[in-house]
There are 2 protein chains.
Amino acid sequence: MSETVNIEGAYCASPLPHSEQIVMGHGAGGRMSHQLIQKAFVSAFQNPALQAGDDAAMLQPVPGIQLSISTDAHVVTPLFFPGGDIGKLAVCGTVNDVAMLGAKPFYLTAGFILEEGLSMSTLQQVITSMQAAAQEANVQIVAGDTKVVQKGKADGLYITTAGVGIIPIGTNISGTQAKPGDVIILSGSIGDHGIAVLGARGELGFESTIQSDVAPLNHLIEAMINASHNIHVLRDPTRGGLATTLNEIATQSNVGIMLDEKTLPVHTEVASACEMLGFDPLYIANEGKLVAFVSREDVDAVLKAMKSTRYGEDAVIVGEVTAEPRGRVLLKTSLGSTRIVDMLAGEMLPRIC
Amino acid sequence: MSETVNIEGAYCASPLPHSEQIVMGHGAGGRMSHQLIQKAFVSAFQNPALQAGDDAAMLQPVPGIQLSISTDAHVVTPLFFPGGDIGKLAVCGTVNDVAMLGAKPFYLTAGFILEEGLSMSTLQQVITSMQAAAQEANVQIVAGDTKVVQKGKADGLYITTAGVGIIPIGTNISGTQAKPGDVIILSGSIGDHGIAVLGARGELGFESTIQSDVAPLNHLIEAMINASHNIHVLRDPTRGGLATTLNEIATQSNVGIMLDEKTLPVHTEVASACEMLGFDPLYIANEGKLVAFVSREDVDAVLKAMKSTRYGEDAVIVGEVTAEPRGRVLLKTSLGSTRIVDMLAGEMLPRIC
């Protein structure tokens, strides 16, 4: 059990992570990222929305309105990869985070940091792709900012998007709402995005046809919410993969999670790539998948609604919520044994989003 | 007159600015930035909020509510300068943009791009400064994201903030609302921020005590709005300086602007620095100043309200709106002659915000 450090305990140890410098692992979405966020950001900017620990903040500026607000910085390299590019990623990433509170996303902002020397045609391609993704998601990009930095002070371009959506009154979907007995649904295969980006970098060591799954999931979520009022948690397993996302939720809701390995959908090519490289698909980033925690009685209705949409066709049940062990994710392996699935510790795949 | 290219005309020439690569001038906030924004972004993401051309978007997601949404990417170098730092700038810049539509800013998001090797203490200092600025502005930082890029792929850290505020129903303050006869009030001295940042870089060639004016202006704006319902335009003259801001407004509202040079407040040190370096203070960035276009009958009330607040103490009348020449800013010089004040053409002071 020594590998399963208690996260909250570690958070209290010092005002900042022990490292005195930022290292790549602080950006990988695993435990180091969480420690940095908790120690440096959440403790400084403390407010209930940040402390909730969701990927978007639920806010009530005036009576009768609930906003969902989120932001994501995008630094993926290369800028273009099979199935997507940094522009599509920047739109979908924020649309999805906003929607994961059950909100209807309306507006995006986009802040561009351009490296001197970037070709106009590259920028134009990225913008065209953003517009196509915004159109598919039915959101408007309503504000933007552009800064240019000297050659060598960025990597082509970085895009930070923020998004605003409206949460229907009465909706209370959050990582804090998982309840023992909830069934966990995954919307499709895992690991596609991370492996597609690695492939585009030529780091797989073989030719691959794997496409990133990057997609806006708000229409899928709308269909799910129309089918059930008993969806407790929605989250997209991006950086850090499904394992990290489920650990976050187990901690937020103080529940246990039991995953069933044989039900986890992994494309053969992704599985082979992972095997060759020594990766676990549970830790590989996705950009067009979600997990839903749903009351058992509504599972069929939710699954049916999901399967009727483009990005939920392959939805499957992958596990359930247990009362114990609190804050832990366990995996029933194909061999019948049970192992702890920890949060990603540090760095694995840098700059995949 | 050959230097006063018709901006709209130039916009129509090609799908992108003639340059085939991004150059530093695209980020300087002047004409090249405007062309890039119009040709690449506004035409792709077209929607009324973006087309209005304000620094924030006015939006009505549901009846009875008007949101003001804005974003700003911050890449200033050095990270710390007299009077402020990138963190204070990132909070104030977005608070101010949101407030310039007459909104009360509520929430900020912050996306951090950290360079591998950044010291934790630097990050902590920046975060502390952000929190202090957020507290002064009375806004909450409710969502954040952190990415880490390899050493040499950024310059310490970049921060992109986005902000959301609520516009009181009935308020219609925008760069499109300037009317002939309006009086133009400036909240204080110009050029302090740009010169302070240059000084911090050691590029002035002499020791300077000039402090950046970076400050949140939302409380000043609240006082102004409480004093008058006849404020037509509010804008902060940041990148590109007062000259560029006034050109933007003259174009948006299709009016002329007459500035009176002898009324323009410029600190002696800023004036000397500009003289030595061959700069015009009209083009130097400010981060804690605003211009207000106000109906003549309410000028005294607005000035009085401004002078009662910390950041409006030195408010002065600097000019007026004329019917002609449409889209042009003219300056009555101290010598009594009149000259055209054009938009900043390309690069002048890179990376000052």
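## Basis of the description

The model is predicted, so local features are required to have pLDDT of at least 70 and side-chain atom pairs count only at pLDDT 80 or more, whereas totals for chains, interfaces and linings use all residues. Residues are numbered from 1 along each chain as its sequence is written, chains are lettered from A and ligands numbered from 1 in the order in which they are written, and side-chain values use heavy atoms, with hydrogens and water left out.

## Helix α8 of chain B

Helix α8(B) covers residues 241-253; helices here are DSSP runs of H or I with at least four residues, strands are runs of E with at least two, and both are numbered from the N terminus. The expected span of a helix is 1.5 Å times one less than its number of residues, so the 13 residues of α8(B) should span 18 Å, and the 19 Å between its end C-alpha atoms agrees with this.

Twelve of the 13 residues are buried, so α8(B) is largely enclosed by the rest of the structure; buried means under 20% relative accessible area, exposed over 50%, and partly exposed in between, with a 1.4 Å probe and protein chains only. Among the buried residues are B:Leu242, B:Leu246, B:Asn247, B:Glu248 and B:Ile249. The buried residues of α8(B) pack against α2 (31-42), and also against the strands β8 (183-186), β9 (231-235), β10 (256-260), β11 (291-294) and β13 (329-332), of chain B, where contact means heavy atoms within 4.5 Å. Just after this helix, B:Asn254 adopts a positive phi of about 55°.

## Two helix pairs

Two packed helices are described by the angle between their axes and the distance between the axes. The axes are lines fitted to C-alpha atoms, for helices over the stretch in contact, and the angles run from 0 to 180 degrees between N-to-C directions. Angles under 35 degrees count as roughly parallel, over 145 as roughly antiparallel, 65 to 115 as roughly perpendicular and the rest as oblique. A crossing is left-handed if the near helix is turned anticlockwise from the far one by less than a right angle, and right-handed if clockwise.

In chain A, helix α6 (residues 192-200) packs with helix α9 (residues 268-277) at an angle of about 65°, their axes being 10 Å apart. That makes α6(A) roughly perpendicular to α9(A), and the crossing of the two is left-handed. On the α6(A) side the residues are A:Asp192, A:Ile195 and A:Leu198, which meet A:Val270, A:Ala273, A:Cys274 and A:Leu277 in α9(A). By class, this contact has six nonpolar, no polar and one charged residues, with Ala, Val, Leu, Ile, Met, Phe, Trp, Tyr, Cys and Pro counted as nonpolar, Asp, Glu, Lys and Arg as charged, and the others, Gly among them, as polar.

In chain B, helix α7 (residues 218-227) and helix α10 (residues 299-307) pack at an angle of about 150°, with 8 Å between their axes. That makes α7(B) roughly antiparallel to α10(B), and α7(B) passes α10(B) in a right-handed crossing. Here B:Leu220, B:Ala223, B:Met224 and B:Ala227 of α7(B) meet B:Ala301, B:Val302, B:Ala305 and B:Met306 of α10(B), a contact with eight nonpolar, no polar and no charged residues.

## Backbone geometry in loops

Cis peptide bonds join B:Thr77 to B:Pro78, with omega about 0°, and B:Glu324 to B:Pro325, with omega about -15°. B:Pro78 is placed in the loop between β2 (67-74) and β3 (80-81) of chain B, while B:Pro325 lies in the loop between β12 (316-322) and β13 of that chain.

A:Asn138, a residue other than glycine, has a positive phi near 60° and sits in the loop between α5 (120-137) and β6 (140-149) of chain A. B:Asn138 also has a positive phi, of about 60°, although it is not a glycine; B:Asn138 is found in the loop between α5 (120-137) and β6 (140-149) of chain B, and is exposed, with a relative accessible area of 54%.

## Two buried loop residues

B:Ile22 lies in the loop between α1 (7-11) and α2 of chain B and counts as buried at 0% relative accessibility. Leaving aside neighbours within four places in sequence, B:Ile22 is in contact with residues including A:Leu114, A:Met120, A:Leu123, A:Val148 and B:Leu36.

A:Val255, in the loop between α8 (241-253) and β10 (256-260) of chain A, is buried with a relative accessible area of 3%. Its contacts beyond four places in sequence include A:Ala178, A:Pro180, A:Val321 and A:Pro325. A:Val255 and A:Lys179 are 76 residues apart in sequence and 7.1 Å apart in space, C-alpha to C-alpha.
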